[in-house]
Amino acid sequence: MSDAAFRVCIIHLHRGKSEIVTFGDKNKHIGGSGLAAALFEQFGLPGEPWSHPDQPLIFAIGCLTGYFPLMSKTVAGFKSPYHDQYAESHAGGRLALAMRFAGYDAIVLRGRARLPVAVHIGSRIIETKDANYLWGANVFTAGRVIRRAFPSGSGHRSILRIGPAGETLSAYACINVDTFRHFGRLGSGSVMGVKNVKAIVVSGDGDMELPGTDSKVYGKLFKKVYKDMTATEMMSKYHDLGTPVNIAPLNALKSLPIRNLQQTSDPDAEGLSGEKFGADLLIRNAACSGCPVGCIHVGMLREQFQDEHRFQIRQVSYDFETIFSLGSMVGLMDASSALALMDEVEKQGLDAMSTGVALAWATEAFQKGLLSMEQVEYDLAFGNLQAYKEAVWCLGHAKNEFYRDLAQGSMHAAGKYGGEDFACVLGQEMAGYATGETFFASQSLSFRHSHLDTGAYGYDQKHHDKNPDKAVAFMVEDERERVLLTSLVACLFARGVYKKELLAECLACVGLPDLAANMDQASEDMQRLRWRTRLATGFEPEKSRVPKRFLEVETWAGNMEPAYLDAVRQGYIKVIRELGAPAETRQE
Ligand code: SF4
């Protein structure tokens, strides 16, 4: 095997067989995002629906995983049930390191198991075990049972599982990774569900050699990276209060989506601030494997058993995105209530952001009389925790026609019941930044429809000249830099430390000097490959929309300017078309 080729474990679920193959070239595909897109190009069926048994579900890591801190993400590549196009989702936890120690750069699931199974992948074992008895179990029960069924040996073990939402094929079912992390957005949980895979266990039970011939060089570089990670303000920023620290400033800037984006600021948002969560609920921090930062904040949820004088204590992770979506967006303006709703969403295996935004739309639609009590079954009203908990159960279990529709996305439901103008959807349910036109343009069109595709929410806050050409140029360049990082599977919180010079040193140290010298070209090529793949699976950026509600937003900078928003979107669409053009038709 060439050192530059990836080692890929392919599991054929329908045949109960597996094979280990070499694939691609690290100097070209880099890993992570690039590798996943290349594997989809090889194994995916662009013209077939997402639920076709032969569509692959891909997990890919990068060439620096295991060697340097915060190279801790795994990229999932799949055809999404949300829009039936190629999609990516990223998760931390222990998975990346477990894959590295198991000896695989990527895992590809193909076919569909005859009955529900748990798939176990290690360096010396690849097996599927019956998991029929677990079908219907929520994420917590599935996790408990799988931990016992696959006892931890030596090394790292990572457990992925789906909840009821993945089984009922919600368009935004997630894959839970090691309890506190997720492949959250765009429905990868249902891709596992449609393949009859309830859980995946990766045992990192092998060894890995230290890179290079001179271990002193590697040791010195590792220490330098580690020191940079822990000595900078990044450590305190993400460790102490973490991303929830953004609630108060965004509220002050009139940029926090509240009650289905009918407001962008409310004095009551103080009850959801990072400071409030930290003071009242935080019990510990957790971390992805190999990360000294530990940005995962775990809160204590104290719940009384119904009609009893007994309590149960549960540990629930929270961050800015879940506080916005399951707090302010649905009008739950106190930390304990938001945490309780997060717990319910976790149990059902739903993406937190899409769920909160979908419930917010349903609440307004119910208030406006577009939905009946018979359809929603519970009194959906902003701030009504109990009704939302019941509704989340209904969403996970696709209880009736309405919840089945809502589980396919807010815009899907709005198309049937009305209320498209106030469905807060930008490609998928919005992220928690009502910062302005650049962000709305970015999320509505960007590759993952994610707030992490580009730094547009920061751009809105820093640039007031409303120059569409500059905004588009920023987004395209920023995306390219992020593609390099997500192909190397770096945690994006480390982007201030992993500058190109440092990345080049790291790549040269692990024996990839050609990639180190050619990072810009490689990341541009992967940016193009991703867009090519997305367009080939049916993305038509011209058909994307920004619903009216976004134009009604007022931030600290004033009202939205529709002409500027449109100009940024048109400029970005043009570039996406150019980036995604087949190589032979591209105009340099
Ligand atoms: S900073 Fe947070 S998300 Fe990033 S690797 Fe560390 S624990 Fe994981």
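What follows is a working chat about a predicted model.

Me: What kind of model is this, and which cut-offs apply?
Reply: It is a predicted model; local features need pLDDT of at least 70, side-chain atom pairs count only at pLDDT 80 or more, and totals for chains, interfaces and linings use all residues. Residues are numbered from 1 along each chain as its sequence is written.

Me: How is the protein chain divided?
Reply: Into domain 1 (6-204), domain 2 (241-398) and domain 3 (429-585). The bounds come from an automatic or database domain assignment.

Me: How far apart are the C-alpha centres of domain 1 and domain 3?
Reply: They lie 26 Å apart. Domain 1 puts 37 residues into the contact and domain 3 puts in 27 residues. Two residues are in contact if their C-beta atoms, placed from the backbone, lie within 7 Å.

Me: Which elements give two or more residues to the domain 1 side?
Reply: Helix H1 (26-29), helix H2 (32-43), strand E4 (74-79) and strand E5 (86-91). H2 gives the most, with 7 residues. Helices (H or I, at least four residues) and strands (E, at least two) are DSSP runs, numbered from the N terminus.

Me: How do the residues of that side divide?
Reply: There are 16 nonpolar, 13 polar and 8 charged on the side of domain 1 that touches domain 3. Ala, Val, Leu, Ile, Met, Phe, Trp, Tyr, Cys and Pro count as nonpolar, Asp, Glu, Lys and Arg as charged, and the others, Gly among them, as polar.

Me: Back to E4. How many of its residues are buried?
Reply: 6 of its 6 residues are buried, where buried means 20 or more other C-beta atoms within 10 Å of the residue's own, with C-beta atoms placed from the backbone. Thr74, Ala76 and Phe78 are on one side, and Val75, Gly77 and Lys79 on the other.

Me: Which strands does E4 have bridges to?
Reply: Strand E3 (residues 57-60) is joined to E4 by 3 bridges, and E5 by 6 bridges. Both pairs run antiparallel. Two strands pair if DSSP finds at least two bridges between them. Valine 75 is the bridge partner of alanine 60 and also stands opposite histidine 90 in E5.

Me: Which residue takes a positive phi in the hairpin of E4 and E5?
Reply: Aspartate 84, with phi near 60°; the hairpin has 6 residues between the strands.

Me: New topic: what is the strand order in the open sheet of 6 strands?
Reply: E8-E7-E12-E9-E10-E11, with mixed pairing. Strand E8 (126-130) and strand E11 (181-183) are at the edges with a single partner strand each, so one side of each has no neighbour in the sheet.

Me: And the ligand, where does it lie relative to domain 1 and domain 2?
Reply: It lies between them, because both give residues to the shell around the ligand. Of the 13 residues around the ligand, Cys288, Cys291, Val293, Cys295 and Cys491 come nearest. A residue counts as near if its C-beta atom, placed from the backbone, lies within 6 Å. The shell has 10 nonpolar residues, 3 polar and no charged.

Me: Where is serine 289, and is it buried or exposed?
Reply: Serine 289 sits in the loop between strand E13 (282-286) and strand E14 (296-304). It is buried, with 21 other C-beta atoms within 10 Å.

Me: What does serine 289 touch?
Reply: Ser72, Arg94, Leu97 and His156, not counting residues up to four places away in sequence.

Conventions:
A residue is buried if 20 or more other C-beta atoms lie within 10 Å of its own, exposed if 12 or fewer, and partly exposed in between; C-beta atoms are placed from the backbone.
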